[in-house]
Amino acid sequence: MEVVIVPDAKAGGALIAGAMADLLRRTPDALLGVATGSTPLPVYEALAAQVRSGSVDTSRARIAQLDEYVGLPADHPESYRSVLRREVLEPLGIGMDAFMGPDGTAEDVQAACEAYDRALTEAGGVDLQLLGIGTDGHIGFNEPCSSLVSRTRIKTLTERTRVDNARFFDDIDQVPHHVITQGIGTILEARHLVLLATGEGKADAVAATVEGPVAAVCPASALQLHPHATVVVDEAAASKLKFADYFRRTYVNKPDWQGI
């Protein structure tokens, strides 16, 4: 696992957007796995700026959804399909025909989970998966004590996660109790995992992910098992890392051609 400490969220967004742009130059039809929430917005903004400037072409890019609420209509403003259309697809000039996501309104939710897991494999797998992290160490909606080999499935949200997400709704009662999420095993199949964390509130989760044991109590710690995982954190989120100075030295002395 590589840890990159950046000054702030904007710098982290620019770094990751640069990696995505480099990938698209090498592989124009790359499948990008994207996350929702406020943390990844600087990534999408920086990548959209590159698209507008003509430095990267996204006309053949494909987008894969990490998770989705169960029961929210696809056109609900807070369904993740709607959020990603507003924040990722439209700014990058990518049509819905290049979008993959689970059906959160399916009558048979389990079948929808299995179908999406198969679809990711049949699409050739995710080339780069962008991840956020919850204050409790969850990735996607894999809450603490999720199986580290889990596949795409339905999950019940903890009250803590529902409270964290209530800011996107009028009140917490509107936050669904269930979601479809790629499982940790599914996530680990992406060729490159990039986790972005910003703010002091994520510091404990980042420390557990990077320096703690691989344990289901901190689902993000499973990234330690991946052959190409990059954790990008601002100074605040890195504040509890014991080896922060080592991570800084390692990155400063890394060959430019290697990227992240």
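Is Y80 buried or exposed? At 8% relative accessibility, Y80 counts as buried, since buried means under 20% relative accessible area. The legends below describe close-up views of a predicted model.

**View 1. Helix 1 and the elements that pack against its buried residues.** Helix 1 spans residues 9-26, and its 18 residues reach 26 Å from the first C-alpha to the last, close to the 26 Å expected at 1.5 Å a residue. At the N-terminal end, helix 1 is capped by D8, which places a side-chain oxygen 3.3 Å from the backbone nitrogen of K10. The buried residues of helix 1 are G12, G13, I16, A17, G18, A19, M20, A21, L23 and L24.

**View 2. The open sheet of three strands, ordered 4-8-7.** The pairing in this sheet is antiparallel, and its edges are formed by strand 4 (67-69) and strand 7 (153-156), each of which pairs on one side only. From one strand to the next, the twist averages 30°. Strand 4 is joined to strand 8 (residues 178-181) in the antiparallel sense over three bridges, and in this part of the sheet D67 stands opposite T181 of strand 8.

**View 3. The tilted ring pair of Y69 and Y80.** By the ring-centre rule, the model holds five aromatic pairs. In one of them the rings of Y69 and Y80 have their centres 4.7 Å apart and their planes at 35°, so the pair is classed as tilted. Y69 counts as buried because its relative accessibility is 0%.

**View 4. Y69 with F141, and the aromatic cluster.** Y69 also pairs with F141, again in a tilted arrangement, with 6.1 Å from centre to centre and 40° between the planes. Because Y69 lies in strand 4 whereas F141 lies in the loop between strand 6 and strand 7, this pair ties together parts that are 72 residues apart in sequence. F141 counts as buried, its relative accessibility being 3%. Together with Y80 and F169, the residues Y69 and F141 form one aromatic cluster.

Note on methods: Residues numbered from 1 in each chain as written. Predicted model: local features only at pLDDT ≥ 70, side-chain atom pairs only at ≥ 80, totals over all residues. Heavy atoms only, no water. Helix = DSSP H or I, 4+ residues; strand = E, 2+ residues; numbered from the N terminus. Expected span 1.5 Å × (residues − 1). Buried < 20%, exposed > 50% of the residue type's maximum accessible area, 1.4 Å probe, protein only. Contact = heavy atoms within 4.5 Å. Polar contact = N/O pair within 3.5 Å; in protein donor to acceptor, adjacent residues only side chain to side chain. Pairing = 2+ DSSP bridges. Axes fitted to C-alpha atoms, helices over the stretch in contact; angles between N-to-C directions. Phe/Tyr/Trp six-rings, centres within 6.5 Å; stacked < 30°, edge-to-face > 60°.
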